[in-house]
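These are my notes from a reading of one structure, set down in the order in which I looked things up.

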Amino acid sequence: HFPIPGILWMCGATLFFSFSLILVKTLQDYGLTVFQAVLFRQVLGILIFVPMVLFSGGIKQLKTTVPIKHATRAAFGFLGLCTGYYSLMLINIADSVALQFTLPIFTMFCAVWLLGEKIYAHRVIATLIGFCGVLIIVRPGFMEINFGILFAIASAATHAVSDTYARYLARYDQLKIIMTYNFVFTIPIALIPAIVWWEPISFDMWPYLLVFGIAGISAQFCL
């Protein structure tokens, strides 16, 4: 184990993740729906990332023996993106981001479930501190628990499953294969609801969409 590089990669993921949420909120103000945001994030991701993968080794390297596991990870990732983006429409962005940063709490339990990792005292202490932070934000008994809060927490939980699944899939495939199949399986999942609730895309939105796609890919790569 190499904890310091892992911590630095997680910090990078946090930075890009926060930036992507700010961009989503901006795009929502322009009229973009949650499902369109997820769809464009994945489409831009596959357009940018896959050509680099193919150029470095060709399509044969993308073979996998665990397609169902990749699809499962994509489904949880889709739920995490949708619930996280929707929470931005119901609560302010600072609270949504802070609540979604409870992801490590859920990741710890997912790691025990999927990876068979052991829980040590320092992880329990960190989890309790994180949970206290959630209570400070939610303030149970002093404010009404609304759906925005629940969606933000649900996003953290489903993202934790997806991220832990990525570590599990690393036992079978390389990172570039894991990322590619995440795009491949998420796009059709997001396409149907995006078409059903489609809103026009104005020219002013495209620069934001491009930067949003890059930020999303960067966050996913760091994880």
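Which residue caps the N-terminal end of H7? I found Asn-146 there, with a side-chain oxygen 2.9 Å from the backbone nitrogen of Gly-148. I note that this is a predicted model, in which local features need pLDDT of at least 70 and side-chain atom pairs pLDDT 80 or more, while totals for chains, interfaces and linings use all residues. Residues are numbered from 1 along each chain as its sequence is written, and side-chain values use heavy atoms, without hydrogens and water.

I then followed H7 itself, residues 147-169, whose 23 residues reach 32 Å from first C-alpha to last, close to the 33 Å expected at 1.5 Å a residue (1.5 Å times one less than the number of residues). Helices here are DSSP runs of H or I, at least four residues, numbered from the N terminus.

Next I looked at H4, residues 93-100, which packs with H7 at an angle of about 35°, the axes being 8 Å apart (axes are lines fitted to C-alpha atoms over the stretch in contact, and angles run from 0 to 180 degrees between N-to-C directions). Ser-96, Leu-99 and Gln-100 of H4 meet H7 residues including Ile-149 and Ala-152, where contact means heavy atoms within 4.5 Å.

Last, I turned to Gln-61, in the loop between helix H2 (34-57) and helix H3 (67-87). Its side chain makes a polar contact of 2.4 Å with that of Lys-176 (N or O atoms within 3.5 Å, one able to donate a hydrogen and the other to accept it, with residues adjacent in sequence counted only if both atoms are side-chain atoms). Leaving aside neighbours within four places in sequence, I also found Gln-61 in contact with residues including Val-53, Leu-54 and Ile-177.

Terms used: Helices (H or I, at least four residues) and strands (E, at least two) are DSSP runs, numbered from the N terminus.
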